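Please keep the sequence and the picture side by side as you read.

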Amino acid sequence: MGLSTSRSPLVHAPARTPHRPAAHTTAELDALVTMLATRRPRVETITIGHARDAASVAAAEHLASTWQARGGHVLTVVHWPETAASWLRHARRFAAGEPDAWVVAGAPLGWAQMARRLRHSTGWDPARTFAFASVGTPETVALAAPGTLDGLRGATAAGGTWRVTRHSILWEEPSAQA
């Protein structure tokens, strides 16, 4: 897991203003839904987690309505702040139940905080987790700590895909996937 059980998993990032995620794109949403719909074993029920900024809220809402329109189920939607004294309540709510997959929208720092708490305190599996482009950054991987996000995958704004492997992130844009 890569995190000590005797210490807090909080990220001690340098003081800076966190950037806000850009609005999601249609290509990004389509790629993310395709990733979920073609996953084996089959994904029917998802839990959605998102930061509280406008772009992340909109991405989560659009995904929920799109997924439900396709006949899928949304088990729960959990939101979290960009900074918090504790992430335990949010992490437990996000990891509760037994969704087929988790889906995330947010900024690198907030998601890194949440992911560290999830790995430290729950049975959450990053290999069953999908994310919007805002999460698929080298900054997210660096902030989360080695091993925390291994297996996490998502969509790029252009409709490509990315995945976290070891301590890096690999991208495939649509032209490379054809």
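The buried residues of helix α3 are His-90, Ala-91, Phe-94 and Ala-95, where buried means under 20% relative accessible area, exposed means over 50%, and partly exposed lies in between, with a 1.4 Å probe and protein chains only. Seen down the axis of α3, these buried residues fall within an arc of 120 degrees, so they line one face of the helix; the arc is that of the directions from the helix axis to the C-beta atoms. On the other side of α3, Arg-89 and Arg-92 are exposed. The buried residues of α3 pack against β1 (45-51), β2, β3 and α4, and α3 is followed by Gly-97, whose phi is positive, near 75 degrees.

Before going further, a word on how to read these values. This is a predicted model, in which local features need pLDDT of at least 70 and side-chain atom pairs count only at pLDDT 80 or more, while totals for chains, interfaces and linings use all residues. Residues are numbered from 1 along each chain as its sequence is written, and side-chain values use heavy atoms, with hydrogens and water left out.

The protein chain has 6 helices and 7 strands, where helices (H or I, at least four residues) and strands (E, at least two) are DSSP runs numbered from the N terminus. Read from the N terminus on, the elements follow the order α-β-α-β-α-β-α-β-α-β-β-β-α. Of the 178 residues in the protein chain, 49% are buried. Contact means heavy atoms within 4.5 Å, and among the contacts with a separation of 6 or more, 70% are accounted for by residues 24 or more positions apart.

The buried residues of α2 are Ala-55, Ser-56, Ala-59, Ala-60, Leu-63, Ala-64 and Trp-67. They cover an arc of only 165 degrees around the axis, which puts them on the same side of α2. An α-helix has 3.6 residues a turn, so residues three or four places apart point the same way. On the other side of α2, Ala-54, Glu-61 and Ala-69 are exposed, whereas the buried residues of α2 pack against α1 (26-37), β1, β2 and β3.

Ser-56 counts as buried because its relative accessibility is 1%, and, leaving aside its neighbours within four places in sequence, Ser-56 is in contact with Pro-21, His-50, Ala-51, Ala-105 and Gly-106. Trp-67, at 3% relative accessibility, also counts as buried, and its contacts beyond the neighbours within four places in sequence include Val-33, Leu-36, Ala-37 and Ile-46. Trp-67 and Ala-37 are 30 residues apart in sequence, and their C-alpha atoms are 9.2 Å apart in space.

We can now turn to the interior. A nonpolar core is a set of buried Ala, Val, Leu, Ile, Met, Phe, Trp, Tyr and Cys residues joined through side-chain atoms within 4.5 Å. The largest such core has 26 residues, of which Phe-94, Trp-111, Met-114, Leu-118, Trp-124, Leu-149 and Leu-152 touch the most other members. At least two residues of this core come from each of β2 (73-80), α3 (88-95), β3 (101-105), α4 (108-121), α5 (138-144) and β6 (161-165), and α4 gives the most, with 6 residues. A second, separate core of 21 residues includes Ile-46, Ala-64, Val-103 and Phe-132.

Finally, consider strand β6 and its partner. Strands β6 and β7 (residues 168-172) run antiparallel and are joined by 5 bridges, and two strands pair if DSSP finds at least two bridges between them. The bridge partner of Arg-163 is Leu-170 in β7. Together β6 and β7 form a hairpin with 2 residues between them, and Arg-166 in the turn has a positive phi of about 55 degrees.
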